[in-house]
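Thanks for making time this morning.

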Amino acid sequence: MTGEPIDFGQYEEGRHVNYWELDPVFRDEIERLYPADEFAWAKDKLAEFGEVVGHDIADNADVVDEEGHTLQTYDKDGNVVNNVRYHPRQLENDRLAYERGVVSDAWNAPEGREEPLGLQHTLAMQNLLCYVDAGFVCPVSMTTGAAIVLDKFGDNEFTEEYLEKLTTDDLAEFVEGAMFLTEKQGGSDVGANEVRAEPTDEDEVYELHGEKWFCSNIDAEGTLALARRPDAPEGTDGLSLFVVPHTKRDGTLNDQVYRRLKDKMGTIAVPTGEVEFEGAEAYLVGEPEDGFKAMTSMLNFERLTNAGGSIGIMGRALLESKIYAANRDAFGDSIDQYPLMRRDLVDMQTDYEAGTAFVHEATRIYDRYERYEADPEDARSDVEVHDIDEETAFKLMRLLVPIAKYKLGRMAVDTASYAMEVKGGNGYVREFVNERLLRDAQVTPIWEGTSNILSLDVLRVLNKEAAHEALFPFVRERLDGVSHPHLESLADTVESEFESLQEAMVALATEDPDYAQHEAKELADYIFDVVTAALLLDRAQDQLDDGDARKALVTEWFVETRFGQAAARGITDGEKLPDDRFEEIVHFAPIEPDALLDAAPADD
Ligand SMILES: Cc1cc2nc3c(=O)[nH]c(=O)nc-3n(C[C@H](O)[C@H](O)[C@H](O)COP(=O)(O)OP(=O)(O)OC[C@H]3O[C@@H](n4cnc5c(N)ncnc54)[C@H](O)[C@@H]3O)c2cc1C
């Protein structure tokens with residue numbers, strides 16, 4: 001990360017900039033965790049994408065957020081037309097993103113490569129998109145998610161056809177995906193789904209009846225929906241999965257009514273509505289009654305999208321804050337010269353780097369697992385750090401993905417909210433992007449599973465998959481790699497927390513279920529903090545080996561704020577790292593390892 005510091009004061013706001021160039025933390029994670037050949041190909045593409053997102057897509061996103069889409073359910077004669085009138089600027093954004101391969105590069109070898117890239121690349125592009133529009137990322141991600149399901153579970157002519165359309169790089173043939181799970185009586189409780197699937201005379205073709213209550217990207221051709229066949233058992237075991245297109249094979253509208261679009265707080269770029277199936281033509285995906293299992297593989301991807309999207313929102317909020325704080329004068333100086341604001345910005349930066357480390361590691365593990373699934377013999381492993389086997393990848397993926405989604409959703413809300421305050425009154429005014437960031441952030445803890453549901457999933461994964469068996473060596477390996485004197489005492493602190501965490505996990509496994517549920521969120525928080533500390537230490541050590549001490553400072557602040565136990569909450573301990581090292585942490589001023597041993601702070 002060594003290089004020139006960034007002068008955030010030269011910008012007026014966090015738009016009409018290149019998000020790839022202005023985010024060395026994101027760039028470092030990508031370089032570290034992509035297979036080397038994929039990074040070599042992708043870095044220029046991501047740089048170009050960061051530029052387009054920061055300019056055209058950002059401008060379009062603001063207009064779409066302001067003006068939105070509309071739904072025409074009936075024509076003047078009362079016929080159902082289910083016509084979503086998309087804002088033209090959204091159609092322009094669709095083109096800008098899809099033609100750059102945000103979906104197709106993970107399925108078809110793009111120009112200059114012989115192989116497609118991993119899903120990690122799709123997630124990285126989505127991460128950049130969320131700097132400007134988390135709503136738009138919803139259909140982008142559901143397109144990949146639906147393709148993942150059809151690729152793994154689809155086994156008939158219909159699923160093959162839709163898989164091809166979802167993943168093609170020919171935009172004339174391309175269709176988007178969606179997933180309709182939630183019904184009025186339950187979103188978390190998917191097993192309560194009541195939509196019925198009646199068989200027809202044709203194999204694999206069904207007619208759906210009933211209502212879906214939250215349907216994002218409502219008119220997607222590649223929609224997947226859960227429904228129950230006659231005599232299927234209750235609960236999730238009785239659910240089957242179907243493709244329910246907007247248009248039937250004969251070219252007419254499918255038999256469903258888009259009742260209305262939800263009047264949402266944010267994510268305006270994606271139309272979310274209510275659908276009434278009235279015998280809608282639907283094609284079975286995979287085995288009957290295997291639908292929930294199939295849908296789970298989509299949910300893993302969507303949850304990572306959500307976590308990476310939260311990172312994008314945080315990245316934008318942080319950028320806006322840095323720029324504003326560098327330019328806004330109060331009491332005779334720019335506000336980023338005042339110790340409290342410097343501490344605020346270091347806190348936000350530390351949260352951002354903590355979240356980024358966790359989510360990108362979870363993404364790398366997920367990507368690795370998917371490569372094993374696709375071809376165990378040819379799973380790519382040319383990542384330079386900490387390779388993992390298939391079983392470890394599965395267990396860690398199952399554990400880290402729900403935690404990433406839960407934690408980052410909440411962190412994005414916090415960061416977006418505080419970034420509003422950094423802008424003072426302007427932050428609360430709609431002409432500035434902050435209120436949209438907060439509106440969009442607020443959905444991230446809710447959709448794809450709420451915080452509680454994800455924390456309960458963590459308990460389930462520990463009990464059913466014994467995920468701790470993979471987690472413990474994963475953390476240990478990173479702690480054991482720490483050798484720099486500055487990091488050793490931090491590693492000791494984390495080591496002691498790691499021991500307590502292990503004891504807590506073992507204890508909870510034998511507690512009665514009600515007590516375990518009561519502590520589920522605490523446990524997820526604790527796993528996040530310990531794992532993140534270990535990841536940051538690992539990265540800090542590597543950077544120190546390369547002559548760069550910046551990550552060590554960030555790690556120090558993370559460990560101190562999460563695990564520090566100074567008397568009087570540290571108020572009297574004389575420590576003021578954020579003020580002393582503001583330039584290095586927030587503006588990326590270079591700092592060499594030897595400087596960590598000096599008492600004097602860098603000259604800013
Ligand atoms: C903008 C938006 C778009 C959406 N798009 C889609 C979509 O495209 N497809 C789709 O299928 N769904 C979609 N959803 C629905 C979303 O996934 C659900 O709203 C969400 O999963 C929560 O379900 P619910 O609304 O039924 O709330 P509930 O399940 O009723 O939950 C209410 C509260 O109870 C808590 N809770 C529930 N069970 C427990 C428990 N056992 N222990 C402790 N707490 C519990 C939850 O954490 C939550 O806080 C969308 C939602 C929004 C807001």
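Predicted model: local features only at pLDDT ≥ 70, side-chain atom pairs only at ≥ 80, totals over all residues.

**The ligand and a helix pair**

A nitrogen atom of the ligand is placed 2.8 Å from a polar backbone atom of methionine 179, while at serine 216 it is a polar side-chain atom that lies 2.8 Å from a ligand nitrogen. Of the 980 Å² of accessible area that the ligand has on its own, the protein covers 66%.

Which residues make up the surroundings? There are 20 residues around the ligand, and the closest are Leu181, Thr182, Gly187, Ser188 and Thr450. Sorted by class, that shell holds ten nonpolar, eight polar and two charged residues. Strand E3 (177–180), strand E5 (205–216) and helix H11 (451–464) each contribute at least two residues to the shell.

Now to the helix pair. Helix H12, residues 468–480, and helix H13, residues 485–510, have axes that come within 11 Å and cross at roughly 175°; because angles over 145 degrees count as roughly antiparallel, H12 is described as roughly antiparallel to H13. By class, the contact between these two helices involves seven nonpolar, two polar and two charged residues. On the H12 side we find His468, Leu471, Phe472, Val475, Arg476 and Leu479, and these meet Val494, Glu495, Phe498, Gln502 and Met505 on the H13 side.

Key. Residues numbered from 1 in each chain as written. Heavy atoms only, no water. Axes fitted to C-alpha atoms, helices over the stretch in contact; angles between N-to-C directions. Helix = DSSP H or I, 4+ residues; strand = E, 2+ residues; numbered from the N terminus. Parallel < 35°, antiparallel > 145°, perpendicular 65-115°, else oblique. Contact = heavy atoms within 4.5 Å. Nonpolar A, V, L, I, M, F, W, Y, C, P; charged D, E, K, R; others polar. Near = heavy atom within 4 Å. Polar contact = N/O pair within 3.5 Å; in protein donor to acceptor, adjacent residues only side chain to side chain. Areas by Shrake-Rupley, 256 points an atom, 1.4 Å probe, with all protein chains shown as cover.
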